[in-house]
Amino acid sequence: MDVACSKLIKIGIDCKIVPMNIRIEDNPEFYDGIDKLNFDVAMDCLDNYTSRFAFEKIVNGGQYLISGGVVNNFGQVITLKKGGSITLSEIYDGLADETIIGVIPQIIMNIASIMTSECVKCITGKPKLLNRFLVIDLENYNFDFIELEGATDG
Amino acid sequence: MLNIKEVEVDTEKEEITIREVLNIAEKKIGKPFLYKMLNKDGEIMRGTIILINGRNILHINKLDSVVHNKDIVSLFPPGGGG
């Protein structure tokens with residue numbers, strides 16, 4: 001994480017980068033460490049569902065959560081808004097973490113690019129993937145939307 | 001997963017279960033795929049997402065969830081890696 005941070009700083013971007021050496025897990029240490037953060041958009045690029053569900057809990061009402069995941073040639077991105085969407089843990093209910101997940105680099109780049117683009121749209125208040133999955137299959141070059149059900153009490 | 005974007009399932013019934021829909025879809029497509037989604041007992045395997053109008057069937061009535069005319073059923077293998 002520190003290496004990634006120093007590389008980004010070297011690029012000279014006009015952003016403040018704050019690395020946080022905290023394990024994203026469902027335990028008090030994580031929630032206490034992250035409690036004081038204020039943000040508009042959170043982006044989840046995590047590699048396991050347990051951490052994704054823990055990360056989702058730090059998103060407060062009105063804040064956006066952009067979640068992206070990949071496996072093999074597939075990937076999906078979705079934007080959720082706390083209080084106006086169902087939760088990741090509901091969507092991904094029943095899924096278990098796999099020990100090893102194979103991915104090709106191209107799908108990671110595609111999903112990461114779309115998440116970044118969606119982040120800008122969230123900041124400007126016009127997300128395109130709110131409550132809808134963009135599912136990408138690079139094997140067959142299929143790009144599909146899957147609409148989720150409307151808002152719940154989330 | 002199947003390189004099929006969409007398949008329409010026709011039935012004379014007013015409502016059928018998602019299990020029936022999947023079986024009809026598999027026959028119509030002519031390519032077996034349910035073995036990737038259901039275990040030997042015919043229950044949903046982990047790693048499978050089945051949505052009816054965007055709602056996970058685990059939160060409805062699992063494979064006995066009812067599908068109505070014009071409902072949209074979505075199947076996809078979600079990526080858990082990052």
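Predicted model: local features only at pLDDT ≥ 70, side-chain atom pairs only at ≥ 80, totals over all residues.
1. Two strands are said to pair if DSSP finds at least two bridges between them, and elements here are DSSP runs numbered from the N terminus: helices are H or I of at least four residues, strands E of at least two.

2. Residues are numbered from 1 along each chain as its sequence is written, and chains are lettered from A and ligands numbered from 1 in the order in which they are written.

3. Within that sheet, strand 3 of chain A deserves a look from both sides. Eight bridges tie strand 2 to strand 3 of chain A in an antiparallel arrangement, and A:Tyr64 has A:Lys81 as its bridge partner. These two strands form a hairpin with two residues between them, and A:Asn72 in the turn has a positive phi of about 50°.

4. On to strand 4 (residues 132-137) of chain A: it runs antiparallel to strand 3 (residues 74-81) of chain A, and four bridges join the two. A:Gln76 has A:Val135 as its bridge partner, and A:Val77 stands opposite A:Leu134. Seven of the eight residues of strand 3 of chain A are buried, so this strand is largely enclosed by the rest of the structure. Buried means 20 or more other C-beta atoms within 10 Å of a residue's own, exposed means 12 or fewer, and partly exposed is in between, with C-beta atoms placed from the backbone.

5. Helix 3 (residues 49-56) of chain A has A:Tyr49, A:Arg52, A:Ala54 and A:Phe55 buried. Their cover includes helix 2 (28-34), strand 1 (41-44), strand 2 (64-71) and helix 4 (88-91) of chain A.

6. Turning to chain B, the 12 residues of helix 1 (residues 18-29) should span 16 Å at 1.5 Å a residue, and the end C-alpha atoms are 16 Å apart, which agrees; the expected span is 1.5 Å times one less than the number of residues. The buried residues of this helix are B:Ile18, B:Val21 and B:Leu22. They cover an arc of only 95° around the axis, which puts them on the same side of helix 1. Strand 1 (15-17), strand 2 (49-52), strand 4 (66-68) and strand 5 of chain B are among what covers them. After the helix comes B:Gly30, with a positive phi near 75°.

7. B:Tyr35 sits in the loop between helix 1 and strand 2 of chain B. With 10 C-beta neighbours inside 10 Å, B:Tyr35 counts as exposed.

8. Finally, the interface: 20 residues of chain B are in contact with 31 residues of chain A, contact meaning C-beta atoms, placed from the backbone, within 7 Å. Strand 3 (55-56) and strand 5 (73-76) of chain B are the elements giving two or more residues to the chain B side.

Note on methods. Contact = placed C-beta atoms within 7 Å. Arc of directions from axis to C-beta.
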